[in-house]
Amino acid sequence: MGLLLILGAIFFANKIIDSKTRPKPKPTKVVKTVFVDTVHNETIAIKIAANGNVTAKRRLELYSEVQGIFKGGAKLFKTGQKYRRGQALIRIDASEYYASVQSAKSNLYNLVTSIMPDLRLDYPEIYEKWQTYLNTFDMNKATPKLPEITSEKEKYFITGRNIYTTYYNVKNLEQRLAKYTISAPFDGVLTEALVNEGTLIRQGQKLGEYIDTDVYEMEVAIGKEYADLLRINESVELTNLNKTKTYTGKVSRINGSVNQATQTITAFIEVQDPLLKEGIYLEANLDAKKEENAIEIDRNLLQEGNKIFVVRDSILDIVDVNPIYFSDKKVVLKGVPNETIILSKNVPGAYAGMLIKIYEEKKKNSNVLSKTSANIIKKQ
């Protein structure tokens, strides 16, 4: 009896254990919804992206060729000061040097005056033109040019009296006297001022920088493979970093040599705008060429080995493509047939043979509109 009770207990215990065993659930297939696009090959304009800082096309570094005290003028020599063409940027005290120039001019005048009696007696045919020269000689103006020599006798006579040597010494002094005043060669603004009024300026000292604020240039580096595609005066679209302002420039110069370190070519883009300032960082989009029968997609859609995903009967497949040009976010492809359905957004974990469902945005919107119209009819 005891043995039978033990066997019965074991039997009923197994029955109870078997009754609590639940069947394992069968895994359900997960079908991901994807966004797709239909391929329509067209002509794609390839734009080369470049960037750089804007600099003034015309700039003047101010250096002193003479020595003296910096004299004050009508405008303060300060950063940001604007000047018109011909206005004096810097005046250096030249009173002492001016006296030596006047002394040399006086010597020339005396030399010419001393030969006048000899000219009247020996060369009466040239006397009148030299007398006219003396009449036009003004000590407060630039030394006038000597009369033109018409004969060998006149040439020997004038040279023997040391007039030519004295004349060119005077002109040399006058040229140096002009360097005591530095004038603005064009309308612009002073961007750097290194001296103040009353400062002793030495020869060869840098005084500041002056730029033209009308025309600016931006230097960009372009890959050598696009060297033959760039053209002078080609229009270029420029934008700031925030994409809030757009400027229009043109290619003004192209360097003829390739940088050996970076294998790039330097191009210069000229731009004019009153809102521009030197040093502003801009991005440029240069129209390089137009590629026919191509498409443009996001770079993250291009898989390793130059492949992309396509949709065939709700199943993902993969095809080979030919990349033509890469930008920061886009890639231009060739070799994709028209009407091919490709992914427009990347799908995590996608693989060839994956079962998917196409997101039908239009159908969803039409259903929403139909429900809305039905509600309106009911209310009416």
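# Exercises: strands, pockets and a cavity

Strand E12 (residues 216-223) and E15 run antiparallel and are joined by eight bridges. Strands are DSSP runs of E, at least two residues in length, numbered from the N terminus. Two strands pair if DSSP finds at least two bridges between them. This is a predicted model, in which local features need pLDDT of at least 70, side-chain atom pairs count only at pLDDT 80 or more, and totals for chains, interfaces and linings use all residues. Residues are numbered from 1 along each chain as its sequence is written, and side-chain values use heavy atoms, with hydrogens and water left out.

## Exercise 1

**Solution.** 

Step 1. Turn to strand E14 (residues 246-254). Five bridges join E14 to E15, and the two run antiparallel. Here Arg253 has Phe268 of E15 as its bridge partner.

Step 2. Recall a rule. In a regular strand the side chains alternate between the two faces of the sheet.

Step 3. Check both faces. Thr264, Thr266, Phe268 and Glu270 are buried on one side of E15. Ile265, Ala267, Ile269 and Val271 are buried on the other. Buried means under 20% relative accessible area, with exposed over 50% and partly exposed in between (1.4 Å probe, protein chains only).

## Exercise 2

Give the order of the four strands in the open sheet, and name its edge strands.

**Solution.** 

Step 1. The order is E8-E7-E5-E10, with antiparallel pairing.

Step 2. Strand E8 (181-183) and strand E10 (200-201) are the edges, as each pairs on one side only.

Step 3. Look at one pair. Strand E5 (residues 68-71) and E10 pair in the antiparallel sense over two bridges. Ile69 stands opposite Leu200 in E10.

## Exercise 3

**Solution.** 

Step 1. On a 1 Å grid over the protein atoms alone, a cavity is a set of points where a 1.4 Å probe fits but cannot get out, and a pocket is an open set with protein on both sides within 12 Å along at least five of seven lines; lining residues have an atom within 4 Å of a point. Grid points are joined across faces, edges and corners, and a volume is the space filled by probe spheres set on the points.

Step 2. E16 supplies the largest share, four residues.

## Exercise 4

How many cavities of 30 Å³ or more does a search of the whole structure find, and which residues line the largest cavity?

**Solution.** 

Step 1. The search finds one cavity of 30 Å³ or more.

Step 2. About 60 Å³ of space lies in the largest cavity.

Step 3. Its lining is Ile297, Leu301, Gln303, Ile308, Phe309, Ile342, Leu343 and Asn346. Strand E17 (307-312) and E21 each give two or more residues.
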